[in-house]
Amino acid sequence: MNNQKKRNFRIEAFKQRVVVDPKYADKTWKILEHAIHEIYNHNASGLSFEELYRNAYNMVLHKFGDKLYGELVTTMTSHLKEISKSIEAAQGGLFLEELNRKWNDHNKALQMIRDILMYMDRTYIPSTHKTPVHELGLNLWKDYIIHSSKIQTRLLNTLLELVHKERTGEVINRGLMRNIIKMLMDLGSSVYQEDFEKPFLEVSAEFYKGESQKFIECCDCGEYLKKAERRLNEEMERVTHYLDAKSETKITNVVEKEMIANHMLRLVHMENSGLVNMLLDDRYGDLGRMYNLFRRVPNGLSLIREVMTSHLRETGKQLVTDPERLKDPVEFVQRLLDEKDKYDNIISSAFNNDKTFQNGLNSSFEYFINLNPRSPEFISLFVDDKLRKGLKGVSEEDVETILDKVMMLFRYLQEKDVFEKYYKQHLAKRLLSGKTISDDAERSLIVKLKTECGYQFTSKLEGMFTDMKTSQDTIQDFYAHHPELGDSRTLVVQVLTTGSWPTQPSVTCNLPAEMSALCERFRSHYLGTHTGRRLSWQTNMGTADIKAIFGKGQKHELNVSTYQMCVLMLFNNADRITYKEIEQATGIPASDLKRCLQSLACVKGKNVLRKEPMSKDIGEDDAFVVNDKFTSKFYKVKIGTVVAQKESEPEKQETRQRVEEDRKPQIEAAIVRIMKSRRVLDHNNIITEVTKQLQSRFLANPTEIKKRIESLIERDFLERDNVDRKLYRYLA
């Protein structure tokens, strides 16, 4: 046993080849062909799919894949030709239903056939680069059904007719439409696009071209926009119901082009209903609709913006140049604020807070506000009115809102320094007369101005408040050192720092003897406690309360200016005084005296004096007596000075001159700052740089800049280049 050789076993193939029945392929195909017929005839329930799969598998295995694939194409083609005849025979509305039904049948059949021929799909088809079974079925359907000469045109016309019916208000079977369109999409995007989408867009363009022409002839702008919006929404809805999602952009572009882009100019400028009319009538709904529709087309929003800003500039120009509207500065500014509110509301409610529209609004306001050189003065007068009386009883939040609106107008001003001049004058009057309704509101506005323009802009304004507080302490100290004057304070003095207040050199009038003595005592006290200072009485800025007894023993307390007090006190020693006598006794300047007497004798209800002869104007030959018949239901009577709310022409010239003088050192400082950093610069660049640096305060005049450069050259701050005379050098 051990000596026996070990034997190895080996399995070998048959010596002779296995011979396949020559008719095997035909027989097997017959079985498969019969199964395909049964599937198409809805008799698949009796088939054994396992056996059919094995047959198809064996055919591929025995290298009959070519025959199997070729016979499959022939059989499916034959069936589809029959299906095509059936669909062609369908009449009217049954055409699409038949097509849909046959398509569903074909898809089910295709699924079963693919299952049977799965092995061929996985092995034979990839190796021979033939079309897979399912895709083959779709291609054959496309070739023999969709592109059939008798079906293709009929299908397109039927689909387009249904869309037209729906557009004209008829109800169609959207489910059926969706199935047919989905069939085209399943056959490939090119089929959907070429066989439906392209003609659909062309027909739609024609339809909307005609409709828009009809609408624009018979509708106003608002109505037209509603119709366009409705059509746009309908098309988007149509896409969601039965079209390819990618078609949405294309069909909306068609509607936008035909209904909006082609009629933009006519719509915007439409008589009695276009954009300008919508703005005038605050038609937020129509404006919002126009914005939303026009934003969809190229240059749509820029057209709206241009028309809006053009209209705004025109109306604004009328507003600021109309002499009638310039009579009341407070009303003038209120109109500007109302106009700004109106357009702010339009932009937020209708124009989606669009920044480009906001910028257009701002540039328009800046343009027309600066057309009126008195805008800075008027805005300051508006603030003055509000802080004197206009904000009485108004909540803090509302006060802040009004101040914010004022700041918004202030930002548009190119001459902010002119506003500062007037604001300082008006603030001084409010503080000195104690007529400001709220220190908090005053300080709040100064903080806003400081934030906007910097510390330098408001330092003097803040100094005015400091002086008011210091003056209270000073007067308390004065009375504490003079107990003999008693508790009743006959004299209250405000000590003002010269640089902070808008004081003018004024002729000190002759005060009544009792007042003059008291003023001297205060001067001695103040100069005794503050060394190196000088006091100059500003009698034109003071007020006084005097007690008066009239004809029938009527007692009143009159609140008057210092000038008015000086005039009235003269009547304690005389019954009748002429204008010239008053002028000589008081030493008040003629222009101030005339206004003073006018307010005492010519204002109804405040006429404590009587003028002879009676007239509205004061003449040098007039005489004055106490009006014994003066009555008032109030014990305290305030007699204001007759003064123009706006400046007179000479005063205006004087203010302008002061502003121009103040600008000179600022321009020079800017030139020196720029030249110090740049060392060498040409004329044009200096002008540009200086204008840019100073634009937060005022718009520098190039001529004035040139004069300042000449002045600096004379004082050896700068020199001209020897070769290029337009080039300047900085001299350290």
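Contact means heavy atoms within 4.5 Å. This is a predicted model: local features need pLDDT of at least 70, side-chain atom pairs count only at pLDDT 80 or more, and totals for chains, interfaces and linings use all residues. Residues are numbered from 1 along each chain as its sequence is written, and side-chain values use heavy atoms, with hydrogens and water left out.

Q: Among contacts in the chain between residues at least 6 apart in sequence, what share joins residues at least 24 apart?
A: The count takes in contacts between residues at least 6 apart in sequence. Those that join residues at least 24 apart come to 70%.

Q: How many helices and strands does the chain have?
A: Helices (H or I, at least four residues) and strands (E, at least two) are DSSP runs, numbered from the N terminus. The chain comes to 29 helices and nine strands.

Q: Is the chain more spread out or less spread out than a compact globule?
A: The globule rule is 2.2 Å times the number of residues to the power 0.38, and the radius of gyration is taken over C-alpha atoms. For 732 residues the rule gives 27 Å, and the radius of gyration is 48 Å, well over that, so the chain is more spread out.

Q: Which strands stand at the edges of the open sheet of three strands?
A: Two strands pair if DSSP finds at least two bridges between them. The strand order is β1-β2-β6, with mixed pairing. Each edge strand has a single partner, so one side of each lacks a neighbour in the sheet; these are β1 (543–549) and β6 (636–638).

Q: Which residue of β6 is the bridge partner of glutamate 557?
A: Strand β2 (residues 555–561) and β6 run parallel, joined by three bridges. In β6, the partner of glutamate 557 is lysine 636.

Q: What angle does helix α24 make with β2?
A: Axes are lines fitted to C-alpha atoms, for helices over the stretch in contact, and angles run from 0 to 180 degrees between N-to-C directions. Helix α24 (residues 562–570) packs on the sheet and touches β1 and β2. Its direction makes with that of β2 an angle of about 130°.

Q: Which residue in β9 stands opposite leucine 718?
A: Strand β8 (residues 718–720) runs antiparallel to β9, with three bridges between them. A hairpin of six residues joins the two. Opposite leucine 718 stands tyrosine 730.

Q: Which residue in β9 is the bridge partner of aspartate 682?
A: Strand β7 (residues 680–682) is also antiparallel to β9, through three bridges. The partner of aspartate 682 is leucine 727.
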